[in-house]
Every structure is written in C-alpha cells, then in structure tokens.
Amino acid sequence: MPSRAHLIRSAIHGLCLALTLAGAPVFAQNGDKPSGPAPAIAIGADLASQAGTTRLTLTLSRAVEARGFVMERPDRVVIDLPEVNFQLESGTGRRREGVVQSFRYGLFAPGRSRVVIDLAAPATIGRIETVTRAKDGAVLLTIPLQRVEREAFRKAAAAADPAPAQARSAPPEPADQRPLIMVDAGHGGTDPGAIAVGGVFEKDIVFGYAQALVEKLEASGRYRVRMTRDRDVFVPLADRVRLAREAKADLFVSIHADSISAAPQVRGATIYTNAEKATDVESARLAERENKADAAAGADTAEAPPDIADILQELTLRETRGFSSGFARTLMGQLAPVMEMSSKPHREARFMVLRSPDVPSVLVELGYLSSKRDLEMLQSPEWRAGVTGSMAKAIDQFFGNRATLKPATITRRSAAVAPVLP
C-alpha cells in the first residue's frame, strides 16, 4: 500500500501536470488577476554513476531551462534554474555517489532556484538533457558530470560566469523619525547553515526567531522594521550589509545558531560584534565559517577595498563599533535571565555581515544545534517567545536614550560609491 507521503506527492504532481497541460493560469490569492504559471515542482532527485560519469536526475512537473557552471575552492557545480518548488524527501542530497560528495538546493533569488553540488573529484558538466516520461508526463532533467583532470577543471572554472543575482534594494521610506531595525535571519535558500543530527536546518530555526522578533517590534509601534530576507531565499553577505546601509538602518541584528559536532556538551548563547582581531581562536573559526556562506550557495564573495578615506570616517567607524558593543552588553543583560549564556557571552571577530561602518551591528548565536538540550529549547515556541521578547526589551532599552542612536557624523552615500569596510 502506498505511503501517505507518496500519495501526497503524487496528488501534487498530478495537479501541477494538469495545470501545465491545460495551460491554465494560476490566480493570485486575491483572485483579481492571474499571477503567471506556478513554479515547477521537483518530486524526485536520483544519482547514478557509470564509467567516470555521474548523473543527477531531477523529476519535475514540467520542463525548465537549466544553466550550469563550475567553481573552484571549494570544487563545486552550480545549476541555475527558474523558481522550482522542491518537494523532496528529507535527507536528499547527503549521499555520496561517484564525483558527487553531496548536493543542496533551494531558492537563490526572487524567481530563481539553484542546485549546488559539492564535488568529491574535479568534474565538468556534460550536455544537460530534458526528457518527458511517457507513462505519466513527468519531465526528467539529467545533469551529467564527467570526471576530468585538475587543469581542465581549473580552466572550466576560470571561464565560468556565475553572474550572481543582486538582492533587491529596499524601497524608499516616507518621512518617519522612528528608528529603523534591520533583522537578519542567517543563511537561507541554497545555504542551509548548520545542520542538526536529526536534519533540522539552521536557516529554518533562525528564520522563525527573526519573524517573531519582527512581530514584537512592529506591535510596539516604536520602530520601522525590515528583514534582509522574508522567506527561504539566499541573500549574499555583502547585500545584507548593503540593504542595511541603503535603508539607513539604526540597528542591524543578525540571528544564527552554531554547531560543534565534536563537542556536543558545549551550549549557550553568544553575542558577537565586529573587530579586526578576534577575541579567541573559537570566535575566529566561527567567523571564518560564517563568512563562507556565499560559497556554500555557489556565489563568489569579493573583498571590498577600504572605505576609510579621512579621519572623520575613521572616527565614525570607531563610534559605530562603540554603539555595537554597547548594544551587545544591553542585549546580554536582557537575555541572561531567560536563557543559558556561553562562558564568554560577548565576543568579537571579523564577520563580513557586521562590517557596516555606520550601522551598529551584532550577531546573536542563540545556541548550538549540536547540543541536544539547546536544540530542544530552540525548537520550543514558548522559549522562542521568551527570547525574542527579551531581545525586543534590549532594543527598547538601547533606544530609550536618544544619545545611543547611530552615529551621524558623516553623510551616508550609496554602496556604489562607499564600499563596505573589509
């Protein structure tokens, strides 16, 4: 007897095929006008290898255009697609096969999805083929990966043009003197972040906390609030900083949850602020891992040139870092009564996402997915409500004194002419 999950997937698959074959438009929720065809649905992903070639085959509800390229350091294959609704079984992509170490998938930008394949050996992409299966009309998209020598792979990577999508700029705000808070849910889309033993993704946990914090701040009526991502989509690290600067945010709060598989006994929350020199080796390693988020999603991250052109801007940077540390201490004071804190609850490291020279910024590691106790609490709605409530209180306290507002000693410029500090 077919499983319930199989029946659900079959029903979704059949409905989507019916809409596709009939050419029926998909209507918006308000029913006023069609919003265009629904995204293709991926209901299967299979790996097979033979004679030096490994094939990844996606089973889709309809044909889509696929574009692939390879990237080096680390070695990976990137497949860009139009938006696809991935309805794949939990654990898909974690099995090694041939030249494929593992693969991940998700929304990469509005209207675009991406599959990132981590390679176990250098490989290039063969001819991507699309075949319609006669028995049910499903579309099989096959991506062949052919093992090659290092030099051939290096040449293919150098010739590739990833052309990463740019995050959408924040719309202009009407005149409003309330402080603007930018809430950043870490990772997203093709970048899952840390993964717990049971398959729970960091990107999903922290997005729930970000949404809860936004709801509390908006309910107070004291702030304007924005999110760097409002769904499961990948946003490059530099774009998260750019969005905060262009919006002229008064505070940037990035929410994460770490994992140390080799030390499951380690637990507790830590608040990080930016600094050229890390507080300790552990903080430096964490920053290095977080700074690789773009690579995990199949995007390149370029180092930006320094933005300190004169003594006035250098003073602004120092002032911003002072405000960031001040908020970190305030946040620590509010969180300590409601959650376990790490042995060093306030630390510093060189996080790319905290590099805005004129927006006070902190990164909050809520706990460790590798800790059974932390994971249990992180998944508790009651605990999430208490933690985000304390975070909102810390923000109220920070802005209770107008002297703590962001530095205003320099005129803000667009990110195009004012690169983010390295």
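Two strands are taken to pair if DSSP finds at least two bridges between them, strands being DSSP runs (E, at least two residues) and helices likewise (H or I, at least four), numbered from the N terminus. The model is predicted, so that local features need pLDDT of at least 70 and side-chain atom pairs count only at pLDDT 80 or more, whereas totals for chains, interfaces and linings use all residues. Residues are numbered from 1 along each chain as its sequence is written, and side-chain values use heavy atoms, with hydrogens and water left out.

Strand 3 (residues 67-71) and strand 4 (residues 76-82) run antiparallel and are joined by five bridges. Met 71 stands opposite Arg 76 of strand 4. The two strands form a hairpin with four residues between them, and in the turn Arg 73 has a positive phi of about 55°.

Six strands make up an open sheet of mixed pairing, in the order 12-11-13-16-14-15. Strand 12 and strand 15 (341-349) are the edge strands, each pairing on one side only. Within this sheet, strand 11 (residues 180-185) and strand 13 (residues 251-258) pair in the parallel sense over five bridges, and Asp 184 stands opposite Ser 254 in strand 13.

Arg 224 belongs to strand 12 (residues 224-227). Arg 224 is buried (under 20% relative accessible area, 1.4 Å probe, protein chains only) but has no salt bridge (a side-chain nitrogen of Lys or Arg within 4 Å of a carboxyl oxygen of Asp or Glu).

Notes: Buried means under 20% relative accessible area, exposed over 50%, partly exposed in between (1.4 Å probe, protein chains only). Lys and Arg count as positive and Asp and Glu as negative; His and the chain ends are not counted.
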